[in-house]
Structure formats: structure tokens, C-alpha cells
Amino acid sequence: MKFNPSNNPAKFTRAISLALRILVAFSFAPLFGATPKIPAAESEPSYLTPLDLQLSPDGSRIYVVCEGNDSLIAVDTHTNRVVAQVKVGHKPKGLALTVNGKTLYVANEWSDTVSEIDGATLAVRRTLKAGWGPTSLVVGRDGRYLYVANGIGNSVSVIDLATGKELRRFSSQRSPQHMALSRDGRRVYVSNVLPHLRPYDEPPISELTVIDTQKQVVAERILVPGVIELREIAEAPARQGGYLLVPFMRPKNLAPLIRVEQGWVLTHGIAVVRPPLTRSPVAGSPSPQVRGSQSSHATVSLNPLPSLSGRGWPAGPGEGEVTSARVTQVLLDDIDYYYADGYGAAFTPDGRYALITSSGANVVQIVDTARLAGFLRRNPAVEIANRLDSARQFVIGRLPTGADPRGVAVSPDGRKAYVANRMDDSLTVVDLARLRVTSTIDLGGPKEDSRLRRGERLFRDARYCLQGQFSCATCHPEQHLDGLAWNLETPQLGRDRVANRTLRGIAETAPYKWNGHNPDLITQCGPRIAKFLFRSEGFNTQELQALVAFLRSIPLAPNRHLAANGQLTDAQERGKAVFYRRRTNDGREIPYQNRCDTCHPPDTHYTNRISTDVGSKTQYDTISLFDTPQLDRVYEDAPYLHNGMALTLEEIWTIYNNYDTHGVTSDMRKEQLNDLIEYLKTL
Amino acid sequence: MKRLLFIVILLVTATVLAAEKPPLITRWENFTTANGIPDDKVFCLAVDGPRVWAGTEDGLVLIENGKVARVYGTGDGLVHRVVMGIAVDKRNGDLWIGTFGGLSQFSGGQFKNYTNLTSGLLNDIIYGVAVQDYWVWVATTAGISRLDTSTGEWRNWSEFNAPFHEPWSYGIAPAPEIGKVYFAVWGGGMIEYDIATDTMKPYTDPDEEMELVLFRNQGLVHIIVSNVAFNPDTKMTWGSTYFGLTGYDGRNWHNYLTKDSGLASDFINAPKSRGNEVWACTDKGLSFLDYKTNTWVTYRRNKQNGHGEIEITWPDQKKTTLEAPTSLAHNYILNMEFQGKDIWVATAKGLSHGIREPQMEAQLYGNAKLDRRSTRGRQGEGAKVSKDGFPKSGQRPAGSQ
């Protein structure tokens, strides 16, 4: 019997899909042979992976959140021993204490919950529902409200601690990961790892969201231009002006990546957010739109508060009377060596020092705040954002830590600082009087070093890059993406800009790169990356295999758009029908190559692993065929298309599919497109 | 004891008589391009505590402390200059702004925009916006859109998936107290969304043939519904049409036309209601109905002298006309909003702040020598006012224009 595709399109699709997969498998079989085979459930020790930490108000205990084994640990600061441990939700990330220290809260990112824990017994009292992906949290000064940053939901939940219910939700920028309560309790600061969604050929803008705890409104959205990956927030004591320090990464993604030294790829530093010198005339007035690729100094409005009085911090050169908050950027890198991946931030109680952890460099940097103030007084803000000779004037020490130092906390008496070494299951103890590391506290994790663990350590270590400039994790924060389009290709300068892609769930999605040229991760991460990006010898064979093993092990986050029982909503069901449709609304047959599931088949992570021309080529591109991306958790992956020009899923079809080259969508009503997108979010 | 009883009766009687007199807006403070708003055509309003937001044909205006504090335009990030609807999310302070070019969210001093091309928004021409919990409802020229801010999901209702005779949606009134949301649809009547069942139910003309009601309270007065408002106190929904005012209590309809009420005009752009108050924004002035007493007050601007005209229509249809020194900016009223006892009124020629002044109100009533008992039976004879409309003392109220 003759097979007619139009009679049985589903069968035809499956046949073509199978043939393509066989073809792909045979084509790349020798290359796949070099890829480490990772069993589906490689036996992995239960590492602690400490991430965040805080001291009890009396300084007798350190509480440490351990992302790896879903626990909270209490360490006695007199004996430096672990005295208690409790299981919390999945992938705990943030920690908060009430003012009296009697209650602790842990944000469980993958459970979408918060664990309420008795500070004395470490028993879990309640488990509270949060938004999607809670990452960080703070308790209001009066203990009535808990503020939770939802990293996937891009929001901040306010939970009434009397009832345990969410009262309200504030929208944040993308991927809020860190929070801080102002010393006077009147403001909650939220930093966002991913920048605003903007045109791919414009510089990034990040945001520090400010919530007024009295009025319960978003008081400000402080823009920090030219940077991404805002991390922990530290507030200086009021007598020093109450300014904020926030670590960041400053990319140069718009310039062709031909020169690595002198900060031409990216740099690491801190945003100094200073209060206005006088009262802002109009509370809540909008921040001016920030434009210009080299802008490093945002003048933004900030409602004046007593704690942000500006005392002790006069205007810099030429600043005169400033009526709005000033964001100044300074680098913590040196000319010949970089300190990658700033993360933790804390002040000593007297405000003399600020401590910044550099997780890619395995150091904690000691900033002399008086020197920093002097430096900022002497130098106009616009001149220092890219200066690599700045840090030597105010960084007075860089102390070695364990691997991947993250959270940092200072004891209430100001004598010691503690750093959580995420990849070492330990804490580094710093004597702040002598500015020396005095000891390391073993938190008790497994002692063997698994291949995945080694691989992850390599992923987060910037030493493999020229001058320690960056690690894999620098551009893939949270094993994800940085939201930017990079000008990586050198053959034709300024062309072929490509959007960064996630590393989550990529094990079976080869080939890699948008041009599909890398058949496997060994190729992707091997000598080519070493020579082209790292400008170094890169990883040796064993290291590369461990790194790739880790990359292949990175899981997808739970899907927040799909019900726990897998049941689709009506809209999702309708969207599914659109995804698999064979005919247009007016009955015309959709050509095989223009059907959604042809290039995005469900049994291979919704990618046929073949490069396709979907009409997305721009004047900057030298090719028109681009790798078909997988669609798993596609809602986390904005911006879209090879260069990130589609800022939302809708734009893929409303703006960039004028000729039905990316599926047939021109006949669809808006409701159908919305349904399709709702279905795509369930994948 | 008898004496005490007499005093009580006297007080009660006095109170009842006094209650028959409707409260009056006695002073108007107007905002035009002359004192800071960017365009005289004001389409919509939202009150957020002491802040008043006004949407104009050329941007968004913030008024604080009786002054224009700030004007926002497309240069500030607003998605389009023509602002047709504003809603405040009382839970987080965000402002949602419907324009003729998309939807803007104003939060923390920054605008975030949603358009038909960049989001699931049904259409960029927006007439109304409302916030209900995590939902942002948007009335567009192509139907209704709803953004769930907690999930990012957009849902749309139009003639393709809902009982929209016409999709051109003008207004939205969340009614959480009764689990409903009401929509005003130009040519499509009033549509009721049931939150629990996720269903839409249309209310059109009763026989579905004539477009208008044939008998006074048989149904929706006309299917051209220009806006809608829900009164949480009485649980009544009010719709404005270009052919009269309509109220729906969940069972019965209560329709009002100029011919049998004190309504200024049957051409109504928007209703508003709270307590016993029902307001109608018409093309010939602003009308107020005391629903309990069926007493009407209409505010107009006297085109000859610019003074305010206050026309009271008593339950027995007799009228009393008072004259106030200040007036609405214009008689073509597009919308209004409450701010405590004050009201704010969007007109085609400026923004008006209506203020109640008990002393001035007493003077106006006193000046008119108003005696309700004496007006009965004197068909068509209004109470007398002084020639210039001001209190006989000649004292103009402070701030009058």
C-alpha cells in the first residue's frame, strides 16, 4: 500500500522524525563516542553545598543553608562544630532570622515553600507557601511580614506571618535572587540577576528594586546601567551614609570578542548606591531613561529616608547638589588579574570594612570604606566604571577562601567574618582585627570528590581563564543564561551576535552553539573555548570530562506552568491542539516542514537537533540556518531566537514571523497564539 | 418627660427634613493646560489616597496637594500618549494604564509596557482597565483581555469565544462582593463574568431585536453601553448608555431617562456609584442621584457667565436651580472618581475637583429660601436665588474662580 503523508500525517511525522534521528545518530556517532556516558542516576554523594549563612543575634551560632542536601545547619561559634541540622525543602537558598533570632526562615527554591524553623531547637514549625522559586527572604522589623523573592516568578511575596498566607505580591525584575532589609526596617532591597529585557544590540540595564515596608509599595526601581548579575546587598551604617554595596558583572557583549585583556570581555565590581544629598522634589517620580552604551552613572530618584541621609558622604567632583540617588560603579578587578563572580557582601558593624566574596576567584575581598569614599570623592563617577586600577586604592586585602565562596556574615562584635564555601562544604573564618584567615570549619560533607563535584568546581573556577577573568558560571549564572547576546564570532567582526543559552537539561540536545557546529559538549567546552574564550590552556582531558559530566547532569527546574498531576488547563489543551495542528483555520494543509512538532518533536526535548532557517537572519548574520533550540522550560529562557531579538515568546510570531517561515501562524487569532504559548510553557 | 419626647421628635423631624436636601458640591477647582495639565481633554481618573491620577489625550498627570505634581508622557516610558483608563492596584501601589497604544504598568517610578505584539494583549486600543486581586482586566476594541500577574498568563474574550454581539469593550467593573465582573460593550450590552464558573453572560435588550428596552424596567436600557460601575454597598451594577442610565440589582433593572428623572442627558459616558449615590457623566453636565430619596442634582457650567448651575430635581419632579460661583470645567463629562467626600471629574475641556463645603451649602440652600414643603404643588416653579447666585452676604467662598 502506498503511504500517503496527507492521509496519516502523524505516522508520516513519526517516520520522518525517526529517519532524521537515525541520520543524526550515525552522522555524529564517532563524536558522541567521546562524550562521557553519564548514567541516568549516577550515584552521587550527598554534598552539603552551603550557600547562605547568618549569625544569631548573640553571635553564638551560625546558621548555614545547604543547597546540596536540603538542610539547615547550626554551628556553634565557640567550638566551631556543627551542633544541629534539619531537613528543609528542596534546593534551599536563602535564610532570614527574626530580630530576636528565635525564628528562622529558609527559602526552598524547588519546593516553592518557606520553612519556618525554631531557632533554639531547629525544628520545622510550619511550611509556608511562596511564589515560584523562592530564593531569598527577609523578615520585617516588627516580625509581622516575611518578604520572599520568587526567582522564577519574578516577584516578591509578602507573607503575613500570623496567618502564613500571602498578602500581596510585588513585581520585580528578572530572577530576583537576593534581598536585604534596611537597617531602619523601612525598606526591602531586591537585587536581580538578569537584566531588563531590552533590544539585543543595546547595553544591559539591571535593577535594584526597593519596597517601602510602611506603605507596602514598590518605592523605587533603581537602575544600574551596563551591568548584570546584581548579587547580595549590604547597607553601610547610617553614620557612614547608609549607602548600599551590590556586587555585579559588567559585560562588554556588544563589542566583538577579539581582545580579552584590559577588561574587554567583562569585569567584576560593585555598585555603590548613594542617597540623595537633598530631598527629591517629587516622591515616586520615574527614573530617567538610561541610554548610551557607556553609561555607568545612573541618576535615579530615591525617596529620602532618615537612614539614607547622605551624612558623611559629600558630593563627588562636579556633582553639586544631587537630588536623587547616585549609582556609581567601581571595579574590584586589577589590571593583570581579575576577581570573578562577586557574590556575598557584608559590612563590619563599625562600617570600616566591606567584605565581598568572589566566588570564581576563591577569595574574600576586604574593602576599606574610608578609602573607597575618598576614591569616589576624587574621581568622577563616569570615569571609573571601566578603570582596572581602581581597586588597589581601596581593596586592602584578598583573603583565600575555600572553593566557590558565597555568603558572608560578620559577627555582631565585629571580630570575625564567616564565608560559606559552596563547593568545599566548609566555612572560612576571618579574623577582622588582623585581616587574616584563622580557621576553616568543616561542615561535615562527604570527603570523596566525585566526578560531578570536580566538574562543577571547574565550572565555577575562573583560574582556567586568562588572568582569572571569568568562569563558565560567569555567563551562566545559576547554570542558566545571562540574558545577553554576545558578539562571539571573530571571522567577520561585529556580525553573528548570538544569545546566550541555558545549560539546564542540555544533555541530550546536541549539537551545540546556534550554528550547530559543535556536535557534543566535549567539543563545545574543549580546546575551542580554551583558545577562543578563556585564552588559556583550558582544561586537561580529565578535567574536561568531569566538566562535561557536570554539564550533562544539570537538571531542569520543576515546571511551574504544569499542574502537579500533569493535567493541562483548557487553554493549554487548546494550545496543544495548535502545536500539533495539521491544517490552518481555513482548512489549508500546513506543509510538513512548517508544523511546530516537525522541528520541535516531543520525544527529543522538542528539538529535532537540526539547523533550520526560520527567517530570523538579520543584517548582522552571515548564516541563515540556526540550531533548533529545545523547548523544555522555555518560559525561563527569554530572550528568544538566535540573537535574542524576540524579547517575549509572543514576539517570535507577532514580529519575527511575517512570512510563516517559523511555523504557520499568520492565520491564527490572538486567542490561539496565547493558547499556544500557554502550552509551550508546560513543556 | 413630654418635653424630652418633643425635643427628640423635633430633632428627628429636622434630621429627616435635612436629609431630603441632597449634599452639594459647592466649589470647583479646575485644571487645564493653563495650570499644568498637558491636554484639556481628560478621559479617566484614579484616586490613590491623596494622589489623583488623570489620563489625558497627551499623557498621564499626577495631582498632589491641589497641584499638578508631575506629567508623564511617552518620553518617560508611557506606551502611548492617549490615556483612556487607569487602575490602582491597592495591594502593591502599582498603576495600570490603558492607552490607545497598549497597556503600561507604572511601578516604582518605571513603566513596563504590554502591547499586542509583545504580549498576549488582544488589542492595543484600550478603553478601560481594572485590577482584581492578581488579575488585570483590559477592555479593548477587540474584546476583553486579562493578565494574571501571578502566572503571566493572558486570556482573551471576544466574539470568537464569548457571547459578544460586538467586541468593542469600553469599561470594566469588578464586583468581588458578588463574585462577578461586569463589562460595558459598545453595541454588545453589558456582559457579566462569573468568577466561580468562568462563564460570560450577556445582558442586551430584552427581546434582542430592538437594541433598546421597550418598557421602562424590563431590561438593559440599550445595548450601546459606554461604561459600567459596581456599587459594593448596594451590590448594584450601573451601566451608562447613550440612551439612558441603567441599574441592575441582580434580579431587576432600574432605568432612568431624562424624560422621567433629573438626568441631565440620556447620552452618558460613565456611571459611578457608592452608598446611595449614583453619578452619571453626561454630555450636558454631571448628574447625581440619591437613590434612596430619588432626588437628583445636576451640575452644569453656565456658558454665559461661567458660573456653576446646580439643578435639583425633587422626587416629585419639581426643580430648584441654584447658582454657585464656580463650575465644572466643561459640561461634556467623560468620567469621575471619588476622593473622600470630594469628587474629581474628567471633562472634554479640563479636569475638575469638586469640593463639598457645608457652610457654603447651607448658604446656598438658605439663599434659595428653600422650603421643601412649600415647593410641593408648585409645578415647575423653582426656588428663588439671588441674581448673581452668590450668598446675599456677598461673601464669595475662598478659592472660588
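# Notebook: chains A and B of a predicted model

I began with Asn231(B), whose side chain reaches the backbone oxygen of Gly275(B) at 3.0 Å, and I looked this up as a polar contact, that is, a pair of N or O atoms within 3.5 Å in which, within protein, one must be able to donate a hydrogen and the other to accept it, residues adjacent in sequence counting only if both atoms are side-chain atoms. The model is a predicted one, in which local features need pLDDT of at least 70 and side-chain atom pairs count only at pLDDT 80 or more, while totals for chains, interfaces and linings use all residues. Residues are numbered from 1 along each chain as its sequence is written, chains are lettered from A and ligands numbered from 1 in the order in which they are written, and side-chain values use heavy atoms, with hydrogens and water left out.

**Entry 1, Asn231(B).** I placed Asn231(B) in strand β18 of chain B, residues 225–231; helices (H or I, at least four residues) and strands (E, at least two) are DSSP runs numbered from the N terminus. Asn231(B) has 0% relative accessibility and therefore counts as buried, the cut-offs being under 20% relative accessible area for buried, over 50% for exposed and in between for partly exposed, with a 1.4 Å probe and protein chains only. Taking contact as heavy atoms within 4.5 Å, and leaving aside neighbours within four places in sequence, I found Asn231(B) in contact with Met236(B), Ser273(B), Arg274(B), Gly275(B) and Glu277(B).

For chain A I noted 12 helices and 33 strands, and for chain B 3 helices and 30 strands. Of the 683 residues of chain A, 65% count as buried, and in chain B buried residues make up 58% of 401. Among contacts between residues at least 6 apart in sequence, those joining residues at least 24 apart come to 57% in chain A; for chain B, with a separation of 6 or more, residues 24 or more positions apart account for 50%. The accessible surface, from the Shrake-Rupley method with a 1.4 Å probe, is about 25,300 Å² for chain A, with 52% belonging to carbon and sulfur atoms, and about 16,300 Å² for chain B, where carbon and sulfur atoms hold 52%.

I asked how many of the residues of α12(A) are buried.

I then took the pair α9(A) and α12(A), whose axes come within 7 Å and cross at roughly 100°; axes are lines fitted to C-alpha atoms, for helices over the stretch in contact, and angles run from 0 to 180 degrees between N-to-C directions. The two helices α9(A) and α12(A) are therefore roughly perpendicular to each other, given that angles under 35 degrees count as roughly parallel, over 145 as roughly antiparallel, 65 to 115 as roughly perpendicular and the rest as oblique. Among the residues making the contact are Ala571(A), Arg574(A) and Phe579(A) of α9(A) and Gln672(A), Leu676(A) and Tyr679(A) of α12(A). The residues of this contact divide into 6 nonpolar, 3 polar and 4 charged, where Ala, Val, Leu, Ile, Met, Phe, Trp, Tyr, Cys and Pro count as nonpolar, Asp, Glu, Lys and Arg as charged, and the others, Gly among them, as polar.

The axes of α4(A), residues 451–459, and α8(A), residues 541–553, come within 7 Å and cross at roughly 95°, so α4(A) and α8(A) are roughly perpendicular to each other.

Most residues other than glycine have a negative phi, and most peptide bonds are trans. The peptide bond from Ala510(A) to Pro511(A) is cis, with omega near 5°, and Pro511(A) lies in the loop between β31 (498–499) and α6 (521–525). The bond from Ala638(A) to Pro639(A) is cis with omega near 5°, Pro639(A) being in the loop between β33 (626–627) and α11. Gln216(A) has a positive phi near 55° and is buried, with a relative accessible area of 7%, whereas Gln262(A), with a positive phi near 60°, counts as partly exposed at 41% relative accessibility.
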